[in-house]
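Reader: I have a structure up on my screen. Can you walk me through it?

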Amino acid sequence: MIVYNRTWLANLILIDTVKKDYDQGLIPDDEWAAIRLNYTHQFYSPNIFIRAGLFLLTIVISAFSSALLTLFMADSGIVENSGWILFLAIANYIALEVIVQQKFHFRSGVDDALLWISGSLFTFAFVTITNADQNYLALSAFIFLVSAFLSLRFTDALMALVGYASILAVVFYSWQELGTLGTSTMPFIIMLFSGVSYWIIRLNINNPKTHFYANSLDLLQIASLLSLYAAGNYFAVKELGDMLNGSVSKSVPLGWFFWLWTMGLPFIYIFSGLKQKNVILLRMGLILIGVAALTYKHYYKLMSLELTFIICGTLAVALSYFLIRYLKQPKHGFTYKELSKVYLMDELKVESLVISESFAETGAPPAETGTALGGGRFGGGGAASGY
Amino acid sequence: MQNSIYDQLFGQGLISENTLKRVKQAHSTTLFSLHWELKVILYFGIMLLSAGLGILIYKNIDSISHQLVLTVIAAICIGCFTWCNKHKKPFSYDKVQTHDSFTDYILLLGTLSFLTFVGYLQYQFEVFGTHYGMATFIPMMVLFFIAYYFDHLGILTMAIANLGIWMGISVTPKHLLSNGTFNNETVIYTYLILGLILMAAAYLTMYFHIKKHFFFSYYHYSVHLIYISLLAGYFYYNYGVSLIWLAAFALAAWYIYMDAMKRKSFYFLLLTVIYSYIAISGFCIRTLMFIEDSGVLYIGFIYFIASGILFINILMNLNKKLKGL
């Protein structure tokens with residue numbers, strides 16, 4: 001099923017695994033060199049910058065090739081045929097196979113671009129041929145088939161994510177066919193599906209069969225945890241329920257249960273993340289606390305916005321201050337120290353870019369070019385944006 | 001899973017028994033690092049605090065006494081700077097390693113409150129009167145001073161952005177990428193001049209060995225600004241005059257390319273290739289537009305296919321070359 005040379009792929013994964021320990025200084029240089037000599041591969045996989053460039057250029061080439069071909073064929077009338085898009089999809093897919101099999105591209109940008117172009121074109125072709133753009137069930141089932149095939153064959157994690165989203169949509173739309181019973185039990189079936197998915201993924205994470213899919217499984221874990229939470233989030237349940245029933249409700253049945261789910265689940269994630277030392281669970285929990293707070297704020301106005309900001313901000317700063325102090329020396333297997341120090345992205349100094357993006361402009365008093373005084377855009381970093 | 005890999009490597013004689021033991025021990029006592037989690041919480045905390053403070057003042061600007069507001073902001077500001085001053089390491093012209101990112105973020109909070117303070121003063125009391133230039137110039141100088149004195153990259157980028165604001169333009173990353181405001185000469189020249197100033201700053205940083213790790217931030221902005229302003233200039237003027245801009249672009253690209261090779265920077269190499277592609281394509285399309293024939297569409301399409309393939313090859317070769325250096 002996998003298009004790549006399995007030995008090379010295994011070697012690549014081994015080298016990546018060992019490199020983490022090498023970066024921490026656990027392996028002497030000469031042994032590291034020997035390992036690299038013994039576990040080689042011929043893949044062409046340049047670094048992220050080159051990959052980004054190749055990705056963009058491949059999209060340009062593919063788009064204009066399709067356009068040129070369409071232009072040539074325009075007079076013959078073939079283009080009006082609904083199969084034309086399918087033909088373009090197949091052409092792109094063949095190009096992808098050739099690049100991977102003959103030129104040994106692996107995450108080079110070229111294969112990424114062709115993968116996404118052919119996937120999208122296949123879907124587009126399905127819509128034009130079957131006119132199924134209103135039949136969401138059929139459409140999501142088709143997307144699932146395409147993305148499942150592509151993610152299995154090219155071990156692509158993002159494609160696997162599309163696969164998960166589309167199968168979730170299949171469950172959603174087919175359950176909806178049941179009518180009122182379907183819509184009222186929808187949250188539970190999505191919860192069940194997400195929970196079971198997560199459980200199956202965790203069971204198979206060390207299965208040798210999934211060895212080449214480690215990245216995909218990581219992303220799928222995130223996705224299933226997210227859908228598990230969203231399925232019971234009060235906002236999602238209420239607004240989606242209203243949308244499906246075409247009603248405007250004041251509250252939902254079993255409201256207490258969904259509030260408990262909204263508020264409690266993030267903490268369960270965090271708790272089990274810390275207990276199992278599982279980064280994915282922990283980070284999902286932290287992010288979802290923010291979501292839970294936003295959900296709460298949407299329905300109840302406890303205090304003014306600025307007071308909420310100041311209190312939450314103070315709490316966050318205080319919490320991190322104490323934890324940073326507390327974990328300076330490792331305790332209970334936790335530490336504040338960065339364990340691995342080598343990142344390619346370090347070249348971009350990402351942290352400073354984030355700071356400049358979120359704070360830089362806001363400090364400006366009205367400038368000469370600005371509107372008259374009283375634009376009110378002074379001070380308070382980030383205050384103006386989005387709230 | 002991991003340990004079986006090392007057993008296998010040991011079996012093949014690729015690693016010594018010592019290494020095997022060391023690795024296995026390291027894996028059995030894995031520490032779990034909360035570094036990034038805590039940093040992000042801290043970042044959001046500072047963001048919320050500063051935003052909350054801003055809204056608080058904005059909403060109550062007419063009801064609470066100005067002296068009180070100013071005192072509170074000043075107190076926060078002074079508190080933060082005192083804390084940072086107490087916890088900072090001695091000043092040095094090299095990089096000062098702060099392992100304590102908490103202090104970094106407190107410094108950020110202090111700086112933000114300072115900006116709020118100055119903004120408030122100007123808004124309410126017009127201390128700078130109508131000298132708006134001064135109202136941006138002074139905060140900018142202070143930002144540069146803080147960045148150098150406390151060795152803070154984030155504040156340096158804020159200072160750079162404020163330099164732009166002082167000159168009348170905006171240079172945050174998002175703004176640069178999504179910009180549609182390059183439609184008058186003044187803006188184009190301002191961007192170009194700012195780019196050149198930052199380029200000079202980058203080189204002076206290296207030449208005088210003052211905070212050499214600040215080089216990237218200056219250089220990064222300067223390269224984007226120079227490329228974008230030269231391209232904007234090229235597309236702004238009519239065909240004949242624009243050739244001068246194209247020549248200037250070629251010169252800049254050549255220079256930045258040589259520099260990227262010298263520094264072994266894939267990032268600046270990529271930027272040069274992408275911006276050059278835009279420039280060359282722009283030139284070809286503008287030239288093709290002179291042909292008034294329907295066949296020109298074909299030529300245009302063929303151009304993009306051929307040039308795409310050509311640039312892919314260029315990029316792959318440059319990658320190889322840079323890796324081989």
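Reader: At what angle do α8 and α9 of chain A pack?
Author: Helix α8 (residues 180-203) and helix α9 (residues 214-232) of chain A pack at about 155°, with axes 8 Å apart. Axes here are lines fitted to C-alpha atoms, for helices over the stretch in contact, and angles run from 0 to 180 degrees between N-to-C directions. Helices (H or I, at least four residues) and strands (E, at least two) are DSSP runs, numbered from the N terminus.

Reader: And what does that make α8(A) relative to α9(A)?
Author: The angle makes α8(A) roughly antiparallel to α9(A). Under 35 degrees counts as roughly parallel, over 145 as roughly antiparallel, 65 to 115 as roughly perpendicular, and the rest as oblique.

Reader: What is in the contact, by class?
Author: The contact of α8(A) with α9(A) has 10 nonpolar, seven polar and no charged residues. Ala, Val, Leu, Ile, Met, Phe, Trp, Tyr, Cys and Pro count as nonpolar, Asp, Glu, Lys and Arg as charged, and the others, Gly among them, as polar. On the α8(A) side, residues include A:Pro187, A:Ile190 and A:Tyr198. On the α9(A) side, A:Leu217, A:Gln221 and A:Leu228 are among them. Contact means C-beta atoms, placed from the backbone, within 7 Å.

Reader: Before I go on, what is this model and how is it numbered?
Author: This is a predicted model: local features need pLDDT of at least 70, side-chain atom pairs count only at pLDDT 80 or more, and totals for chains, interfaces and linings use all residues. Residues are numbered from 1 along each chain as its sequence is written, while chains are lettered from A and ligands numbered from 1 in the order in which they are written.

Reader: Back to α9(A). How does α12 of chain A cross it?
Author: The axes of α9(A) and helix α12 (residues 279-299) come within 10 Å and cross at roughly 35°. A:Ile280, A:Met284 and A:Leu288 of α12(A) make the contact, with α9(A) residues including A:Leu225 and A:Tyr229. The contact residues divide into seven nonpolar, one polar and one charged.

Reader: Which helices of chains A and B come within 7 Å?
Author: One pair is helix α13 (residues 305-326) of chain A and helix α3 (residues 35-59) of chain B, crossing at roughly 150°. That makes α13(A) roughly antiparallel to α3(B). Their contact has 20 nonpolar, five polar and two charged residues.

Reader: How many residues are in the largest nonpolar core?
Author: It has 153 residues, and those with the most contacts inside include B:Leu42, B:Ile46 and B:Tyr105. A nonpolar core is a set of buried Ala, Val, Leu, Ile, Met, Phe, Trp, Tyr and Cys residues joined through C-beta atoms within 7 Å. B:Tyr105 touches B:Leu42, B:Tyr43 and B:Ile46, not counting residues up to four places away in sequence.

Reader: Is B:Asp151 buried or exposed?
Author: B:Asp151 is buried, with 24 other C-beta atoms within 10 Å. The cut-offs: buried at 20 or more other C-beta atoms within 10 Å of its own, exposed at 12 or fewer, partly exposed in between, with C-beta atoms placed from the backbone.

Reader: And what about A:Arg107?
Author: A:Arg107 also has a positive phi, about 50°. A:Arg107 is partly exposed, with 18 other C-beta atoms within 10 Å.

Methods:
Two residues are in contact if their C-beta atoms, placed from the backbone, lie within 7 Å.
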